[in-house]
Amino acid sequence: QAKAAGGGTYRFFTPDMNARISERVTLENSLRQALHDNQIHVHYQPQVDMAEGRLIGFEALVRWHHPVQGEIPPTRFIPIAEESNLINQIGSRVLHEACRQNRAWQDMGLPPVVIAVNLSAVQLRQPELAGHIAAVLADTGLDARWLELEITESAFVRDTERIVEVLQELRGLGIKLSVDDFGTGYSSLGYLKRLPFDRIKIDQSFVRDLPDNGDDIAIVRAIIGIAGSLQKEVIAEGVEQPQQIDFLLAQGCRLMQGYHFGRPADGVQAEVLLRRLGDGGRIPD
Ligand code: C2E
Ligand code: MG
Ligand code: MG
Ligand code: MG
């Protein structure tokens, strides 16, 4: 609304836009400070195989504890971090901490699990990404097979050729790759054929209303079918209810993640879970 604002001046931004821009700048500066002051932490959410009642791994999720504002959710600061390239630093911090933690659990003799780390589309465009990740693995002493990278489907819309190369490099290191938020990214199914993925994560929006919503039933069945035909693993996100577990198992989806099994929790709490389940404990339905 670049309209004459009286007095012969022009307003390029509405007050609302101004407010949003300044919130953005403030948040970006606080985020810089947060990295410096170690306000960035990692929480871990269990991933389970419900056919065997076994814990198979954890997803690492970034947490920002602001000294005044308290917890700021990643959905609020990740987009800003992506625009300012701070995401490379944050991503690298989370990756290092998750790998260090996983190796520490292995050193304690706990059963080995895969740690899944989210990778932003911006990180995928870093020219040295694979080399950087290899260096983190070497530095923390974690074997590549215990690391998985989750990449959200919308990341493949642009620069697909380049992304295929990066993913092949990562896979060459022995890292597992999964497509996050599957079904929400407005991208074509063709990429599933061309990109070297091990696993598809069914977005929680399709899981939420199972098993009551007919559309969700159809979509989830179709995703499980595609994954099976392409010989990829499939995991359902956002599982909160026992009826959802029953439905997913009946459809042949045995891998699950959601509040029913555990909310994201700090390393100490995740370790308690790993200790309990590693001791032959089965996850109750
Ligand atoms: P995501 O990767 O799809 O992660 C799953 C999100 O769903 C997490 O939210 C998790 O806490 C939440 N969740 C898990 N189970 C349930 C459930 O049963 N019900 C409901 N309602 N929610 C559940 P969170 O931690 O707020 O993260 C949101 C998003 O922020 C993530 O979605 C991911 O896209 C992004 N994110 C988080 N950590 C990182 C990171 O380290 N790097 C990057 N690039 N993105 C991250
Ligand atoms: Mg994820
Ligand atoms: Mg997801
Ligand atoms: Mg998501």
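## Sorting residues into classes

Ala, Val, Leu, Ile, Met, Phe, Trp, Tyr, Cys and Pro count as nonpolar, Asp, Glu, Lys and Arg as charged, and the others, Gly among them, as polar. The model here is predicted, so local features need pLDDT of at least 70 and side-chain atom pairs count only at pLDDT 80 or more, while totals for chains, interfaces and linings use all residues. Residues are numbered from 1 along each chain as its sequence is written.

## The second largest pocket

The lining of the second largest pocket has twelve nonpolar, seven polar and eight charged residues. A pocket is an open set of points on a 1 Å grid over the protein atoms alone, where a 1.4 Å probe fits, with protein on both sides within 12 Å along at least five of seven lines; lining residues have an atom within 4 Å of a point.

In all, 27 residues line this second largest pocket, and Asp49, Arg54, Leu55, Ile56 and Gly57 lie nearest its centre. Two or more lining residues come from each of β1 (40-49), β2, β8 (233-236) and α11. Helices (H or I, at least four residues) and strands (E, at least two) are DSSP runs, numbered from the N terminus. The biggest share, four residues, is given by β2.

## A look at Val272

Helix α11 spans residues 267-278 and includes Val272. Is Val272 buried or exposed? Val272 is exposed because its relative accessible area is 51%, and exposed means over 50% (buried is under 20%, partly exposed in between, with a 1.4 Å probe and protein chains only). The C-alpha atoms of Val272 and Asp159 are 42 Å apart.

Technical notes
Chains lettered and ligands numbered in written order. Heavy atoms only, no water.
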